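Dear colleague,

Please find below the structure that I am handing over to you, with its sequence. My findings follow it, and I would be grateful if you would read them with the structure open.

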Amino acid sequence: MNDQNGNLLSVKDLRVYFAAEDGTVKAVDGINFEVKRGETLGIVGESGSGKTVANLALMKLIPTPPGKIVSGSINFNGADILKLSPAELRDLRGKRIAMIFQDPMTSLNPFMRVSKQLMEVTRLHLGHSKAEARAHAIEMLEHVGIPDAADRMDSYPHEFSGGMRQRVMIAMALSCKPELLIADEPTTALDVTIQAQILELIKELKAETGTSVILITHDLGVVAGMTDHLIVMYAGKIFEQAPTKELFARPGNPYTRGLLRSVPDPTHDTETLYQIPGQPPDLARLPPGCPFAARCERAAEICTREFPPFVELTPSHRSLCHFANEVYAESSATS
Amino acid sequence: MDPNEPQNRINEPELHVGPEYAVAERDVSELVTGEIVTGSSLWRDAWRRLLRNKLAVFGMIVVVLIALSAIAGPAIIKQTTGFTYDSIPKDTTLLKSIPPFRGPNGEFSWKHPMGTDVAGRDILARVLSGGQISLMVALIATLVSLVIGVSYGAIAGYLGGRVDDLMMRMVDVLYSLPYVIIVIVLLALLPAKTPTAQLAQLFFALGAVSWLTMARIVRGQILSLKNQEFVLAARATGVSTPKIIFRHLVPNALGPVIVYATLTIPSVMLSEAFLSFLGLGVRPPRVSWGSLAAEGAQNLAVYPWQLIFPGVTMALMLFSLNFVGDGLRDALDPQMRRD
Amino acid sequence: MLRFIIRRVVIIVPMLFIVVTITWALVRLSPGNFYTGEKKLTPAVERNLREKYGLNQPWYTQYRKLLWNIARFDFGSSLKYEGQSVNQILWRGLPVSAALGITAYLIALIFGIAMGTFAALRQNSWIDYGSMALAMLGISIPNFVLGPLLVLLFSLTLFWFPPALWNGFASRSIVLPALTLSAIYIAYIARLTRSGMLEVLRSDYIRTARAKGLSERQVVMRHALRGGLLPVVSFSGPALAFLITGTVVVEKVFALPGLGNYFINACFNRDEPLIIGIVAFIAIAVLVFNLLVDISYAFIDPRIRY
């Protein structure tokens with residue numbers, strides 16, 4: 001089931017605020033995006049950009065005393081997640097939307113055997129008996145590439161290596177064949193060689209099952225080969241969104257350009273590595289104009305004064321910048 | 001037993017978690033970026049945070065009130081009414097226990113707001129004098145435990161290696177002995193002769209029980225500070241080892257030390273009280289809250305006020321001290337490095 | 001793990017040795033004797049007494065004899081309670097103290113964990129503040145004040161329980177003493193449970209559990225409880241040592257014929273064999289119990305490897 005536009009997931013004007021000691025932190029401040037069936041969306045941003053909070057909000061996993069989903073709608077298969085009852089929400093989680101997290105060591109219960117953690121999901125959502133759940137779990141583990149699954153599954157998480165643990169998490173997440181998989185920095189805590197393996201695994205599984213994927217990361221190298229569409233977030237807002245190839249080839253936003261330049265290019269001999277100067281802003285005290293103005297090489301007077309418009313460069317490519325068209329033109333020229 | 005000892009697996013939580021939702025602290029702390037201020041404002045921040053904790057403030061006020069009453073009270077009472085903790089009335093009709101706010105024949109009277117004990121002594125005066133002793137013992141014993149614990153822990157932590165191993169093994173051994181039992185044996189069998197000697201003995205006995213955890217805490221802190229740059233700098237400029245330990249490392253380890261010391265005071269006070277209750281701590285003619293409670297417990301059925309007043313006062317003091325200690329721990333927590 | 005256990009068991013012997021030596025030394029160093037009482041004894045009587053109890057031998061001989069006897073669990077006879085061996089007294093007093101201590105700690109565990117868990121689940125609600133305030137009271141009211149107060153209320157006013165009597169474990173006479181003893185432990189365990197649970201509830205794996213669609217009850221019971229209770233387990237070891245001293249006070253308040261009472265009286269009577277016997281017993285008990293707690297820790301947390 002999709003909604004009218006063929007979207008599996010449709011987020012509109014999502015705002016998530018946190019009450020902190022010295023003011024309100026606007027972690028996510030009005031973002032809109034869609035994910036189509038079978039598509040992979042990448043969300044890229046530095047720490048503090050709001051990418052993780054946005055995705056936790058998708059399953060309403062935000063702690064409500066400090067945090068609050070202030071406004072917006074999250075349409076999944078035609079129903080607004082934010083309006084679901086707790087029971088309906090629990091039915092959704094793990095079964096139709098699944099999430100894997102950054103650090104597999106801390107994300108798995110260290111006191112519980114892996115087999116039990118896996119079996120829990122299918123027994124809860126698919127009504128499996130113990131035997132069925134166990135067989136299914138073995139199947140999933142083998143599927144994600146864990147050797148000797150039947151023997152090893154009764155071990156505890158700390159007895160697996162980092163890469164293995166992440167595979168276990170993926171197996172757990174995909175147990176009930178969810179329609180949407182949210183992967184929050186799945187490879188950040190892993191070795192580089194393992195990173196590639198895990199990403200490959202996600203790609204394969206996605207191809208098999210047709211699951212949509214939201215891949216969150218701060219690493220542009222990761223999204224390059226994996227995603228169909230990209231969103232760049234900064235200071236709680238979407239700064240640019242476009243199909244992946246388009247974004248890499250013709251960025252329309254100085255921030256995106258800066259990010260792209262930061263990825264070291266082994267083919268070019270440069271003396272210094274590029275880094276976007278400065279620090280992300282304090283989200284409790286945002287300046288009136290563009291949040292990136294202080295660090296932007298193109299910043300002009302208008303940038304500190306007025307909030308930039310969300311410019312439509314092509315029907316599928318938008319950028320939040322006063323000079324979006326100019327930046328886009330420059331990128332097109334050099335590509 | 002030290003539930004106050006920072007245990008590796010526990011931290012006082014800073015985030016609130018509602019029933020339906022969960023998030024890791026990391027996700028939220030990602031968001032609030034800003035500058036980390038170090039240096040003198042560390043203490044000012046902690047102080048400000050402490051003041052925001054209403055329970056801790058309430059605790060501090062009560063502690064100060066009771067302490068002041070205990071310090072100045074006995075003298076004031078002596079001046080105004082002539083009662084001391086020891087004064088037995090000359091009038092033989094008064095040699096009995098009178099309830100609070102009553103006179104010898106049951107009429108209303110302001111003379112003895114807390115009543116008198118069986119020897120006719122004013123309980124208010126006794127409670128305040130007892131407070132003096134209890135407070136003094138608690139403070140000095142804590143000081144003793146502080147001095148021993150900090151030195152021991154700092155030396156062990158700084159020297160490291162086998163010396164550290166050995167020293168901590170000894171602490172482990174001592175920790176698993178029924179320490180208090182031996183202290184009881186000590187106090188029962190070797191009573192000091194003069195009242196001052198008695199008190200001194202008590203200070204050391206009590207301090208000797210609580211220094212162990214302090215040593216562990218300090219050692220832990222020193223271990224984590226030891227390899228930081230300022231130590232290397234001091235060593236490079238030729239500062240001698242004892243100086244490094246005491247002038248450089250110890251001041252930086254102060255946070256947990258202060259918290260633990262503040263929590264030791266009520267614990268020591270309680271120990272002194274029950275030792276006195278058993279007849280081993282403060283002995284007549286001196287009084288402490290514990291010995292007063294012992295007397296009161298004996299006559300509970302007939303003269304309950306003899307127990308209630310010292311008991312409640314002591315409980316109030318401990319209550320408040322614990323709040324202050326907890327508040328301090330919460331206030332210093334973010335800066336406090338837990339193992 | 002086996003090596004760990006063996007190592008810990010073996011270490012009991014030298015520890016016991018230290019404890020016994022210190023205790024014996026203290027008794028010997030103290031002025032006065034067990035037989036000094038109201039009457040003044042004639043030199044002849046005194047000499048006979050000393051000979052009977054072997055006190056006229058040089059101290060190192062007596063010490064050696066003591067160690068030898070203890071190795072065979074022979075603690076001798078009480079000096080004050082005529083004709084009763086220390087072992088007999090231990091045997092008699094132990095059930096009382098054990099019943100009291102175990103009941104008190106069980107009460108503390110049940111109520112403390114329950115209170116702490118509810119406080120953690122309803123953080124900053126009145127349940128939370130209320131329980132923690134109650135816990136704070138429990139820590140602040142000394143047991144020798146609480147005991148008599150409970151007696152005043154429940155025995156002397158309401159007549160629900162006997163004030164100072166011991167009718168055995170299964171009778172009502174255990175209620176007030178056990179409650180008094182347990183109060184401070186309920187408090188500590190409640191606080192530890194609360195902070196332990198709060199800590200666990202913040203962790204990533206709880207987030208994963210919720211993301212899997214588990215209900216709150218399932219998350220707490222199946223995932224959070226085990227990790228959250230670890231602090232309570234590590235607390236139990238040292239808690240026992242203090243439970244023992246608490247028993248001493250409570251037995252005095254309620255006049256219970258337990259080891260604590262015997263111990264205090266032995267101290268005041270300078271009853272050397274009894275003192276040493278009880279202290280040795282307590283030392284062994286503490287060490288064994290600490291070992292049991294550490295072993296159980298390994299069962300609860302699979303990451304621990306001895």
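In what follows, a helix is a DSSP run of H or I with at least four residues, a strand is a DSSP run of E with at least two, and both are numbered from the N terminus. On that basis chain C reads, along its sequence, α-α-α-α-α-α-α-α-α-α-α-α, that is, 12 helices and zero strands. Please bear in mind throughout that this is a predicted model.

Chain C

The C-alpha atoms of chain C occupy a box of roughly 85 × 55 × 30 Å along the principal axes. Of its 306 residues, 48% count as buried. Among the contacts in chain C with a separation of 6 or more, 74% join residues 24 or more positions apart.

Helix α8(C), residues 204-211, is mostly covered, with eight of its eight residues buried. These are Asp204(C), Tyr205(C), Ile206(C), Arg207(C), Thr208(C), Ala209(C), Arg210(C) and Ala211(C). What do the buried residues of α8(C) pack against? Their partners come from two chains: β6 (97-100) and α3 (104-107) of chain A, and α7 (175-201) and α9 (216-228) of chain C. Just after α8(C), Gly213(C) adopts a positive phi of about 95°.

Chain A

Chain A contains 13 helices and 12 strands. Its C-alpha trace spans about 65 × 50 × 40 Å along the principal axes, and 47% of its 335 residues count as buried. A compact globule of 335 residues would have a radius of gyration near 20 Å, and the 21 Å of chain A agrees with this. Residues 24 or more positions apart make up 64% of the contacts in chain A with a separation of 6 or more.

Eight strands of chain A form an open sheet with mixed pairing, in the order β6-β7-β8-β3-β9-β10-β12-β11. At its edges are β6(A) and β11(A) (310-314), each of which pairs on one side only. From one strand to the next the twist averages 20°. The edge strand β6(A) is also among the elements against which the buried residues of α8(C) pack.

Helix α13(A), residues 324-334, lies across β11(A) and β12(A) and runs at about 30° to β11(A).

The contact between chains B and C

How many residues does each chain bring to this contact? Chain B supplies 49 residues and chain C 62. On the side of chain B that touches chain C, α6 (179-189), α10 (254-277), α11 (289-298) and α12 (305-332) of chain B each supply at least two residues. By class, that side of chain B has 38 nonpolar, six polar and five charged residues.

The nonpolar core

In soluble globular proteins, nonpolar side chains tend to be buried together. Here the largest nonpolar core has 271 residues. Those with the most contacts inside it are Val185(B), Ala293(B), Tyr185(C), Ile278(C) and Val279(C). Leaving aside residues up to four places away in sequence, Ile278(C) touches Leu259(C), Tyr262(C), Phe263(C) and Ala266(C).

With kind regards

Technical notes. Residues are numbered from 1 along each chain as its sequence is written. Chains are lettered from A and ligands numbered from 1 in the order in which they are written. This is a predicted model: local features need pLDDT of at least 70, side-chain atom pairs count only at pLDDT 80 or more; totals for chains, interfaces and linings use all residues. A residue is buried if 20 or more other C-beta atoms lie within 10 Å of its own, exposed if 12 or fewer, and partly exposed in between; C-beta atoms are placed from the backbone. Two residues are in contact if their C-beta atoms, placed from the backbone, lie within 7 Å. A nonpolar core is a set of buried Ala, Val, Leu, Ile, Met, Phe, Trp, Tyr and Cys residues joined through C-beta atoms within 7 Å. Two strands pair if DSSP finds at least two bridges between them. Axes are lines fitted to C-alpha atoms, for helices over the stretch in contact, and angles run from 0 to 180 degrees between N-to-C directions. Ala, Val, Leu, Ile, Met, Phe, Trp, Tyr, Cys and Pro count as nonpolar, Asp, Glu, Lys and Arg as charged, and the others, Gly among them, as polar. The radius of gyration is taken over C-alpha atoms; the globule rule is 2.2 Å times the number of residues to the power 0.38.
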